[in-house]
Amino acid sequence: MPNMKLLVIGPAQSAQAQSTEAQARQALQAEQVERYVSYTPRAGEGKVKAALRILSEVEQEEFDTVSAQDPFFIGMLAWYVARRHRARFNVQVHADLDGQSFVRHILAHVVLRHADSVRVVSERIKGQVVRMGVVAPVMVLPLYVDISRFKAVERRPERMVLWVGRFEEEKDPLLALTILKQVDAKLVMLGKGSLEQTLKGRAAGMDVEFPGWQDPLPYLARATAVLCTSPTESWGLSIVEALAAGVPVVSLDVGIAREAGAIVVPRHELAGALRSALDANVHGELKLTLLPEGEWVKRWKESLYGEVTFPRYG
């Protein structure tokens, strides 16, 4: 493994994906191999142009393993590169496959059936992959998260609800505004995205703050509850961070929410559950046991080769 030359191909990154925590995870992975090369589409670069650029830039390189950060278009591209380089093909699945379009679902079928190893971030997604008839080893390994600073936060709760995410349709941020009309509280929405101006227009006259992308820790210190409105979620980093900080999370049944200890309810019960959490001033509790850095690194290495099946944890 120390002599491995690893190529990682991922989708275009949002501001959240470029966070300090994400960069630290990538640096941690890079320390474990001889060579770590990562490619993603550039800002404003179309898929085809990005694919042609990446193919051209890696043509003369040598890699032992090619890892795709999704099983869709990026997965198809990575599969092609792996075949060209006679390298092992690893696929990461961070997205809820049941929530994808028909075309993306077909792409995932094709990509995953050609993988040598598959790494998923939750038991829920593992089940979806297995049901596709994938024969490669499928390993559950959530993102590495250092929650120590969240556990150490000194909370001074206000009657404030925190929402964290991209302002895009798949996160349904507009639902948060609808719920706020039924709840007596301030709403802080951390994020950016194409729906930002629509959200600000709809929020006119309401007690809503839009700080942009910020470190969530100071806001978790003030929040009485966190609201998750996304109808699909890959894992749920913001859910884990909130619960680690002792802030209750009201969420739909997505990603890691139920396993992590969130208050999980159907869409039509979100407002009522949020009101109850605010009125009772309940304490959030993270029910997942997250791996320490050394153990996470060990299992990450194993996931690239698919040689060791380790038990579910948490």
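A salt bridge here is a side-chain nitrogen of Lys or Arg within 4 Å of a carboxyl oxygen of Asp or Glu. By that criterion, a search of the whole structure finds 22 salt bridges. The model is predicted: local features need pLDDT of at least 70, side-chain atom pairs count only at pLDDT 80 or more, and totals for chains, interfaces and linings use all residues. Residues are numbered from 1 along each chain as its sequence is written, and side-chain values use heavy atoms, with hydrogens and water left out. Helices (H or I, at least four residues) and strands (E, at least two) are DSSP runs, numbered from the N terminus.

**Salt bridges**

- R53 pairs with E57 in a salt bridge, and their closest N and O atoms are 3.7 Å apart.
- Both R53 and E57 belong to helix 2 (residues 47–58), 4 residues apart, which is about one turn of the helix.
- Burial follows relative accessible area: buried is under 20%, exposed is over 50%, and partly exposed is in between (1.4 Å probe, protein chains only).
- R53 is buried, at a relative accessible area of 12%, whereas E57 is partly exposed at 34%.
- R53 and E57 also belong to a network of salt bridges that links them with R42 and E45.
- R124 forms a salt bridge with D96, with 3.8 Å between the closest N and O atoms.
- This pair links distant parts of the chain, 28 residues apart: R124 is in helix 5 (residues 123–131), and D96 is in the loop between strand 4 (88–93) and helix 4.
- R124 is partly exposed, with a relative accessible area of 32%, while D96 counts as buried at 6% relative accessibility.
- R149 and D215 meet through their side chains in a salt bridge at 3.0 Å, N to O.
- This pair too links distant parts of the chain, 66 residues apart: R149 sits in helix 6 (residues 148–151), and D215 sits in the loop between strand 9 and helix 9 (217–222).
- R149 counts as partly exposed at 30% relative accessibility, and D215 counts as partly exposed at 35%.

- Two packed helices are described by the angle between their axes and the distance between the axes.
- Axes are lines fitted to C-alpha atoms, for helices over the stretch in contact, and angles run from 0 to 180 degrees between N-to-C directions.
- The axes of helix 3 (residues 73–85) and helix 4 (residues 102–113) come within 9 Å and cross at roughly 30°.
- That makes helix 3 roughly parallel to helix 4, as angles under 35 degrees count as roughly parallel, over 145 as roughly antiparallel, 65 to 115 as roughly perpendicular and the rest as oblique.
- F73, G75, M76 and W79 of helix 3 make the contact with L107, V110 and V111 of helix 4, where contact means heavy atoms within 4.5 Å.
- Of the residues in this contact, 6 are nonpolar, 1 is polar and none is charged.
- In this scheme, Ala, Val, Leu, Ile, Met, Phe, Trp, Tyr, Cys and Pro count as nonpolar, Asp, Glu, Lys and Arg as charged, and the others, Gly among them, as polar.

**Helix 7**

- Helix 7 (residues 173–180) is largely enclosed by the rest of the structure, because 6 of its 8 residues are buried.
- Its buried residues are P173, L175, A176, L177, I179 and L180.
- These buried residues pack against strand 7 (160–164), strand 8 (186–190), helix 8 (196–202), strand 9 (208–212), strand 10 (225–228) and helix 12 (270–280).

**Positive phi**

- D172 is not a glycine, yet has a positive phi of about 50°.
- D172 lies in the loop between strand 7 and helix 7, and is buried at a relative accessible area of 19%.
- N281 is not a glycine either, and has a positive phi of about 50°.
- N281 lies in the loop between helix 12 and helix 13 (293–305), and is partly exposed at 46%.

**K5**

- K5 lies in strand 1 (residues 5–9) and is partly exposed, with a relative accessible area of 25%.
- Leaving aside neighbours within four places in sequence, K5 is in contact with E34, R35, E62, F63, D64 and T65.
- K5 and A30 are 25 residues apart in sequence and 9.9 Å apart in space, C-alpha to C-alpha.
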